[in-house]
Amino acid sequence: MGWVVYTTCNIRIKKCVLSIFFWYLNMFILLLLLLVFTGLETPGTAHSVGVCYGRVANNLPPAKEVIDLYKTNGIERMRIYDPDQPTLEALRGSNIELVIGVRNEDIQSIANSVSLATNWVQNNVLKYSQDVKFRYIVVGNEIDPNTDQASNFVVLAMQNIYTSLASAKLQNQIKISTAIQMNLLGSSYPPSTGAFSDSSISFITPIVNFLVENEAPLLVNMYTYFSYISDPNNVDLSFALFNSQTDRAIDGKYEYRNLFDASLGAIYAALEKVGGANLEVVVSESGWPSDGGVAATVENAQIYYENLFNHVSSGTPNRPNQALETYLFAMFDENQKGPAETERHFGLFTPNKQLKYQITQMHGSSSSSSQSGLGSSSQSGQGGITYFTSSSSSSRQSGGD
C-alpha cells in the first residue's frame, strides 16, 4: 500500500514538473516571437521615413503646431534647411530626430573661420542638444559645382563643423554630410554605367573621402517625377510611380522594376568609381506634385507616396533587405516656391493642416497618436498601421529654406 501511494505521488510530481517546464517553454517561445516581430517592425517603415519641413511660404502654421502635426502622425524624423530658432525650440522634448541644414550662403564664411563654425554649432546644436535629437548636419543643399561658388568651400565647412562637434564629443553621435542632386551624374543608364560628370568629379570626390573617413552617409535628393517629365517618350509613367507590371531594366545581375531603384543603382555605381563603394546613401528628398504641370495630380502623388513608403522598407536591388532612410518632400505646399508652378504643390498637407492624401505608415510609438489634439487616427484593419491625419485649425508664419 505504501509503495502504491509513493508511486502515485511520484507520478503526480513528475506531471507537475513537466507542466511547469512546458509553461516556461511556451512563455520563452512567445517572448522570442515578440522580440523577432518587434525587431522587424523598427526598420520597416516609420523609422526609415521622415518628412522635410520646408518654409518657403507666408501662410504656414506656427512651429509648435507643425511639431504637433508630426507627432500626431507618428512622423519621427524631420529635415529642415536652416537653423530656424522657433522650430528648434518647438522640437525640445519631442523625440523627433532632426536633420538640420547649413544654408548655402553661409558655407563660405564657415569654411573660412573655425570660430564661426564653432559659433554655428554652439548656437544651433549645443544649445538644444539636451532636448533635441540631432541626426545629421547637412552642409549645403544641391550645390552646383558649375555655377555655385560655395562648391569650393563645402568640404572645408564640413571639416570645421566636425572639429567643433568633436570638441563637444558629439562627432560620433551627429554625422555631417551634404545633399546632392541627381544632375551631378554624367551617365546614369544603364545604372551600372553611373558616373559623376567630369565637371563634378573634383567637387564630389573630396566629399566622398570625408564621408568614408567619418562613416557618414551621402544625402541625395531624388525625384522620378522630373526624370519622367524631361523624357516622357522614353520613361513610362508607371515605371516612375512604382506601378509598372511589365517595364524593367536588366543590368547585369540586377533587375530594376522602377525608376527609383534604377536611379539609386546609378548613384551606387558612381560612388564606387570615386572610392565610395560601401558608402551609405540617404534619400534626403523625394516626392511628387499634386498640381501645376504634366502628370501632377493628386491621384499620381498619392500613388507615388504610398508606393515609395512601402518600397523603401524592403531595400533596393543593389542593397536588398536593408531599409533605405528616406525623407518625403514636403510637409506643406509652399506658395512662394517657383518658378515652376509644380514647386508649390509638393506638400503632404495644405498650409491649414488639411491632409491631401491617405498614406499608411507604422507608428514608431504607441503614444504618438494621442499626444496632440490636432487630429485623430483612422485605423485600418491591420494593427499598428494608421493614416496620416489632418488638423482643422490654421494660423500664419513666414519663413524659408
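**Close-up views of the predicted model**

By the rule applied to this predicted model, the count comes to 18 salt bridges.

**View 1. A salt bridge joins R77 and E325.** The side chains of R77 and E325 meet with N and O 3.6 Å apart. This pair links distant parts of the chain, with R77 in strand β2 and E325 in the loop between α11 (298-312) and β12 (326-328), 248 residues apart. Both R77 and E325 are buried. A network of salt bridges links R77, E97, R135 and E325.

**View 2. A salt bridge joins E285 and R79.** The closest N and O atoms of E285 and R79 are 3.4 Å apart. Because E285 lies in strand β11 (residues 281-286) and R79 in strand β2, the pair ties together parts that are 206 residues apart in sequence. E285 has 5% relative accessibility and therefore counts as buried. R79, at 2% relative accessibility, also counts as buried.

**View 3. A salt bridge joins E343 and K337.** The N to O distance between the side chains of E343 and K337 is 3.9 Å. K337 counts as buried because its relative accessibility is 17%, which falls under the 20% limit.

**View 4. Helix α2 is largely enclosed by the rest of the structure.** Of the 10 residues of this helix (residues 63-72), 8 are buried. The buried residues are A63, V66, I67, D68, L69, Y70, K71 and T72. Their cover includes β1 (49-52), β2 (77-79) and α3 (85-91). G74, which follows α2, has a positive phi, near 65°.

**View 5. The largest pocket holds about 930 Å³ of space.** Its lining comprises 43 residues, of which M182, M222, Y223, F226 and S227 are the closest to the centre. At least two lining residues are supplied by each of β3 (97-102), β4 (133-141), β6 (185-187), α8 (224-230) and α10 (259-272). Helix α8 provides the largest share of the lining, 4 residues. By class, the lining has 16 nonpolar, 15 polar and 12 charged residues.

**View 6. The protein chain contains 11 helices and 14 strands.** Of its 401 residues, 50% count as buried. Among contacts with a separation of 6 or more, 71% are between residues 24 or more positions apart. The chain exposes about 18,400 Å², and carbon and sulfur atoms supply 52% of this area.

Note on methods
Residues numbered from 1 in each chain as written. Predicted model: local features only at pLDDT ≥ 70, side-chain atom pairs only at ≥ 80, totals over all residues. Heavy atoms only, no water. Buried < 20%, exposed > 50% of the residue type's maximum accessible area, 1.4 Å probe, protein only. Contact = heavy atoms within 4.5 Å. 1 Å grid on protein atoms, 1.4 Å probe; cavity = no way out; pocket = protein on both sides within 12 Å on 5 of 7 lines; lining within 4 Å. Points joined across faces, edges and corners; volume = space filled by probe spheres on them. Nonpolar A, V, L, I, M, F, W, Y, C, P; charged D, E, K, R; others polar. Areas by Shrake-Rupley, 256 points an atom, 1.4 Å probe, with all protein chains shown as cover. Salt bridge = Lys/Arg side-chain N within 4 Å of Asp/Glu carboxyl O.
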